[in-house]
Amino acid sequence: MLLAVLCVGIFLVQLDVTVVNVALPALRLDLHTSLAGQQWVVSGYMITLAALLLICGAAGDRTGHRKVVLTGLSVFGLASLGCGVAPSIEVLVAARAVQGVGAALLLPGTLAVITDLYADGAARARAVGIWAGAGALALPSGPILGGLLVSAFGWRAVFLINLPLIGAAIPLAVRLVPAREPGGPAARSRLVLNRAFVGSNVIAGLMNLVGLGTILVMTLYLQERLGHGALRAGLELLPLFAPLAVLGPVSGRITARLGPRLPMTAGLLLGAAGSACLLLVRPSSAYAVVVPVELGLGIGMGFLTAAVVSAAIASLPADRAGFASGVNNTARQAVGALGIALYGAVVGSPATSAGFVRGLHHLAWIGAGLWLAAALLTWLTISSARPDGPEHDRAQPVETTTSGLEQSG
């Protein structure tokens with residue numbers, strides 16, 4: 001039951017990344033806003049989330065993760081209500097920024113509670129897989145659920161739908177989330193970065209750089225090149241999104257049994273093959289030609305996400321779980337945003353058929369190359385030991401340190 005409550009938190013955080021996109025045309029008409037206003041409705045949430053992840057993760061280590069999760073649920077719920085009743089675009093953008101604060105508390109907080117709850121490394125890896133699957137499930141749910149809500153009830157429903165979920169989650173969290181003695185100032189006296197911690201976060205960043213960048217160009221291809229509507233394009237992206245949700249728990253079980261290196265390597269190789277399939281796209285190609293791209297990336301990220309998160313969390317002491325989660329999620333969000341910018345710049349305008357396809361071919365080499373490099377980095381930095389095995393060590397002696405981080409820690 002507690003794991004289900006924590007999965008509600010990650011589901012809501014990820015859902016509000018995508019669900020709002022299909023509501024933008026309706027809120028533009030209702031609130032009489034410009035394209036810039038629409039963009040700020042999306043970016044106000046994302047910027048705040050990315051900026052505060054590290055701070056909120058470390059705050060949980062100092063004050064207790066139970067308090068952070070409860071605060072995050074409350075802030076997210078109040079901000080969702082503010083979004084749903086916003087009378088103007090300015091109020092909506094401000095409420096979205098506050099939503100980002102709640103999300104920044106929930107994302108590392110829920111993962112840190114899992115670390116507290118499951119002392120056994122194998123059980124923790126399985127739980128992280130379920131947590132990652134819940135977050136991945138929100139990605140395809142966003143466009144589909146958003147389209148249904150906007151069609152039936154209007155754009156405000158995409159925010160108000162959060163309230164019953166949070167209303168059910170808060171009393172359960174009060175009852176079920178255990179209190180843990182916070183680490184205090186002495187537990188933040190020195191930050192040690194070991195090889196596995198650095199490697200897992202670099203790999204997580206590369207995963208999102210290629211993954212989110214590919215989602216962008218696939219959306220442009222389906223809607224701008226093939227002329228498919230938003231709902232149809234969302235359904236056509238299911239071969240990418242569905243494996244993410246289905247394989248998260250599977251990856252968690254494999255990680256628990258065999259350690260993170262194997263599922264990470266398998267996921268990266270499959271993802272590299274998926275990226276390489278962009279070379280098959282031609283100016284006259286139909287939807288079927290990008291299905292191998294979607295399946296390769298979707299299955300690859302499905303195996304990779306839970307394993308790389310488990311590797312990052314397991315590489316630091318348990319009392320640094322919030323910080324470890326904050327760093328990992330910051331790496332994924334920040335480098336993922338860079339990937340969106342990079343892929344958009346390389347692919348160019350969809351209006352030019354030959355140039356767009358040429359850009360996809362360039363991205364095939366870039367994506368495959370980055371994920372193959374990440375596979376090599378996995379073998380250089382990530383242990384093959386099981387999470388609960390005798391060879392597994394959460395904090396090996398210092399491999400890498402940075403003086404600035406040591407001082408801030």
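**A surface residue and the salt bridges**

Tutor: Leu160 counts as partly exposed, because its relative accessibility is 32% (buried is under 20%, exposed over 50%, partly exposed in between; 1.4 Å probe, protein chains only). The model is predicted, so local features need pLDDT of at least 70 and side-chain atom pairs 80 or more, while totals for chains, interfaces and linings use all residues. Residues are numbered from 1 along each chain as its sequence is written, and side-chain values use heavy atoms, without hydrogens or water.

Leu160 belongs to helix H7, residues 157-160 (a DSSP run of H or I, at least four residues, numbered from the N terminus). With Leu81 and Val85, Leu160 makes a nonpolar surface patch (nonpolar side chains joined within 5 Å, each over 30% relative accessible area and without a salt bridge).

Now the loop between H6 and H7. Arg156 sits there. Its side chain meets that of Asp30 in a salt bridge, 3.6 Å from N to O (Lys or Arg side-chain nitrogen within 4 Å of an Asp or Glu carboxyl oxygen). Asp30 lies in helix H2, residues 24-31, and the partners are 126 residues apart. Both are partly exposed: Asp30 at 40%, Arg156 at 25%.

The whole structure holds 2 salt bridges. Asp16 and Arg96 also pair, with their closest N and O atoms 3.5 Å apart. Asp16 is in helix H1 and Arg96 in helix H5 (residues 89-117), so this pair ties together parts 80 residues apart in sequence. Here both partners are buried: Asp16 has a relative accessible area of 0%, and Arg96 has 0%.

Key: Patch = residues over 30% accessible without salt bridge, like charges linked within 9 Å, V, L, I, M, F, W, Y side chains within 5 Å. Areas by Shrake-Rupley, 256 points an atom, 1.4 Å probe, with all protein chains shown as cover. Helix = DSSP H or I, 4+ residues; strand = E, 2+ residues; numbered from the N terminus.
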